[in-house]
Each structure stands twice: as structure tokens, then as C-alpha cells.
Amino acid sequence: MQETRQNKIARMFQKELSLIFQQQTRAMHGVMVSVTRVKVSPDLGVCTAYLSVFPSEKGEEILKNVNANAKTIRFELGSRVRHQVRVIPELRFFIDDSLDYIDRIDELLKQ
């Protein structure tokens, strides 16, 4: 039962974080940030979001910027979902490099 609630909350956070990043990166031309996966702890206190950045060369720079603005992002998320959850979780961001991994495998298979 708890796992179902975690999944629903994770999907809601993924959707809202995607919209937040879409608004934030609209000013930065040539950069796209998408939220590929979100995991929520069982007590709903920690939200781990995996970000995919295009172009991937700017991934570390974007991640540093996102981590520096984590409190602002949490506030924005809280204002969007304040009626669905009681406590807004601590946000943790990581780069999702699965697309780079897939490209590397394809490159090796073509050789």
C-alpha cells in the first residue's frame, strides 16, 4: 500500500519538476533539461530526481546550478503541490547518463 502512494507522489513530483525546469531553461537557448526519473523515500522526506541534460557536455554545469538553487526549486515545487502533500521533501539531483551509455554501446556495436 505504501509503495503505491510513493509511486503516485513520485509521478506528481516528476511532472511538476519537469514544468519548473522547462520554465527555467526557456531563457537558456540551446539547453534542454528533462526529468527522467524520480524516486521518493518511504517516509516521503527525500525526493531523488534524475536529470537528463542536452547537450550532455553542459551536464555538470547545469547540475551545479540546480544544486545551488535547490531551495528555490523546492519552494516552487511546494507552491505547486501544497494541497496534495503535507511536507515538501528534501530534493536531491543527479545526472542521468543512460542516454550517453546507450550511444556508447551503439558506437561500439557498429565497429
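What share of the contacts in the chain with a separation of 6 or more is accounted for by residues 24 or more positions apart? Such residues account for 60% of these contacts, a contact being defined by heavy atoms within 4.5 Å. The model is predicted, so that local features require pLDDT of at least 70 and side-chain atom pairs count only at pLDDT 80 or more, whereas totals for chains, interfaces and linings use all residues. Residues are numbered from 1 along each chain as its sequence is written, and side-chain values use heavy atoms, with hydrogens and water left out.

The secondary structure of the chain consists of four helices and three strands, arranged along the sequence as α-β-β-α-α-β-α. Helices (H or I, at least four residues) and strands (E, at least two) are DSSP runs numbered from the N terminus. Along the principal axes, the C-alpha atoms fill a box of roughly 50 × 35 × 20 Å. The chain exposes about 7900 Å², of which carbon and sulfur atoms supply 52%; accessible areas come from the Shrake-Rupley method with a 1.4 Å probe, and for residues only the protein chains shown count as cover. Of the 111 residues in the chain, 37% are buried. Buried means under 20% relative accessible area, exposed over 50%, and partly exposed in between (1.4 Å probe, protein chains only).

The largest nonpolar core has 28 residues. Such a core is a set of buried Ala, Val, Leu, Ile, Met, Phe, Trp, Tyr and Cys residues joined through side-chain atoms within 4.5 Å. At least two residues of this core are supplied by each of α1, β1 (32-40), β2 (46-54), α2, α3 (70-81) and β3, and the largest share, seven residues, comes from α1. The residues with the most contacts inside the core are F13, L17, F21, V38, I73, L77 and F93.

Two aromatic pairs are present in the structure. Rings of Phe, Tyr and Trp (its six-membered ring) pair if their centres lie within 6.5 Å; planes under 30 degrees apart count as stacked, over 60 as edge-to-face and the rest as tilted. One of the pairs is formed by F21 and F93, edge-to-face, at 5.8 Å centre to centre and with 75° between the planes. This pair links distant parts of the chain, F21 in helix α1 (residues 2-25) and F93 in strand β3 (residues 90-95), 72 residues apart. Both F21 and F93 are buried.

Leaving aside residues up to four places away in sequence, F93 touches F21, A49, L51, L63, V66, N67, A70 and I73. I73, in helix α3, is buried because its relative accessible area is 7%. Beyond its neighbours within four places in sequence, I73 is in contact with L17, I20, F21, V66, L91 and F93. V35 lies in strand β1 and counts as buried at 7% relative accessibility. With residues up to four places away not counted, V35 touches Q14, L17, S18, F21, A49, Y50 and L51.

In helix α2 (residues 59-68), the buried residues are G59, I62, L63 and V66. They lie on the same side of α2 because they cover an arc of only 100° around the axis, the arc being that of the directions from the helix axis to the C-beta atoms. On the other side of α2, E60, E61, K64 and A68 are exposed.
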